[in-house]
Amino acid sequence: ALGLLALFASSTWLPLASAADVTITGHIYCDNVFSFWFNNALIKTDPITFTPHNAVKVSFTWDGTSDKHFAIMCQDFATASGYEYTETSSPQLGDGALLASFDDGTVTSKDWKAFVLSAGPTEASITAGCSGTNLAACALETAAEPTGWKEAGFTGANFLAATEYTAAEAGWGRTPSWRAGEGCCTATSPLTRE
């Protein structure tokens, strides 16, 4: 697996339902940190920066008539090398994952669309010697965030089908073991590295 930052989106176009507001609740699990938008409104940013990664409950209102568009940015921790735990003697590649389920029946699956903003190390840098013991040779591939991907009606033309894994493969149910200030990770933006 690679250190990555990916966007996931799913839209549901509906015939007119009721005009009454509907509260939708759900849970989002992202290894390591997420931001979630519904119809272009930011609903929740993961309250735990990177580790431990846990399922987070979300709740939001849908107007009952508009299309539904779920957009989640999920980021596995990675440095500019693509490795995590670089402060230790055993840097490793991450195994980022996203699981989300909402009480309106929406769940993440291979039917969702995915777009990778940042991933690495690249094959070229691995060929050039990038490894857990030679991080200086490592490089990432990056792409610009697509315009409008959080908005209802977004078609995801540049997005690919998401890859579906079991909950066990994604890490669901693992007991968190992180302790503040030990082991992994200084929180940074994957786009600005600040």
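**Entry 1: charges over rings.** I started with the tryptophans. Lysine 150 lies over the face of tryptophan 37, with 4.4 Å to the ring centre. I then went to tryptophan 62, and there the charged end of lysine 68 sits over the ring, 4.5 Å from its centre. A reminder to myself: this is a predicted model, and every value here is computed from it.

**Entry 2: the overall layout.** I stepped back to look at the protein chain. I found two helices and twelve strands. Reading from the N terminus, the elements go β-β-β-β-β-β-β-β-β-β-α-β-β-α. Of the 194 residues, 41% count as buried. I also looked up the contacts between residues at least 6 apart in sequence, and 77% of them join residues at least 24 apart. The chain exposes about 10,000 Å², and carbon and sulfur atoms supply 54% of that area.

**Entry 3: aromatic pairs.** How many aromatic pairs are there? I get a count of twelve. One of them is phenylalanine 36 with phenylalanine 60, an edge-to-face pair at 5.4 Å centre to centre, with 65 degrees between the planes. This pair links distant parts of the chain: phenylalanine 36 is in strand E3 (residues 33–38) and phenylalanine 60 in strand E5 (residues 56–62), 24 residues apart. Both phenylalanine 36 and phenylalanine 60 are buried.

Phenylalanine 60 has another partner, phenylalanine 38, in a tilted pair at 4.6 Å centre to centre and 40 degrees between the planes. Here too distant parts of the chain are linked, with phenylalanine 38 in E3 and phenylalanine 60 in E5, 22 residues apart.

Why does phenylalanine 38 count as buried? Its relative accessibility is 4%, and the cut-off for buried is under 20%. Phenylalanine 60 counts as buried because its relative accessibility is 5%.

**Entry 4: the cores.** Next I looked up the nonpolar residues. The largest nonpolar core has 19 residues, and Ile28, Phe34, Phe36, Phe60, Phe70, Ile72 and Phe102 have the most contacts inside it. Which strands each supply at least two residues of this core? They are strand E2 (22–31), E3, E5, strand E6 (68–75) and strand E9 (97–102). E5 gives the most, with four residues. Another core lies apart from this one and has eight residues, including Trp37, Ala71, Met73 and Phe115.

**Entry 5: strand E10.** I finished with E10 (residues 113–120). Is this strand largely enclosed or left open by the rest of the structure? It is largely enclosed, because six of its eight residues are buried.

I checked its neighbours as well. E10 pairs with strand E12 (residues 160–161) in the antiparallel sense, over two bridges. Lysine 113 has alanine 161 as its bridge partner in E12. E10 also pairs with strand E11 (residues 141–142), again antiparallel and over two bridges. In that pairing, serine 118 has threonine 142 as its bridge partner in E11.

**To revisit on screen.** I'd go back to phenylalanine 60, which pairs with phenylalanine 36 and with phenylalanine 38.

Key. Residues are numbered from 1 along each chain as its sequence is written. This is a predicted model: local features need pLDDT of at least 70, side-chain atom pairs count only at pLDDT 80 or more; totals for chains, interfaces and linings use all residues. Side-chain values use heavy atoms; hydrogens and water are left out. Rings of Phe, Tyr and Trp (its six-membered ring) pair if their centres lie within 6.5 Å; planes under 30 degrees apart count as stacked, over 60 as edge-to-face and the rest as tilted. Buried means under 20% relative accessible area, exposed over 50%, partly exposed in between (1.4 Å probe, protein chains only). A charge sits over a ring if NZ of Lys or CZ of Arg is within 6 Å of the ring centre and within 35 degrees of the ring normal. Two strands pair if DSSP finds at least two bridges between them. Contact means heavy atoms within 4.5 Å. Accessible areas come from the Shrake-Rupley method with a 1.4 Å probe; for residues, only the protein chains shown count as cover. A nonpolar core is a set of buried Ala, Val, Leu, Ile, Met, Phe, Trp, Tyr and Cys residues joined through side-chain atoms within 4.5 Å.
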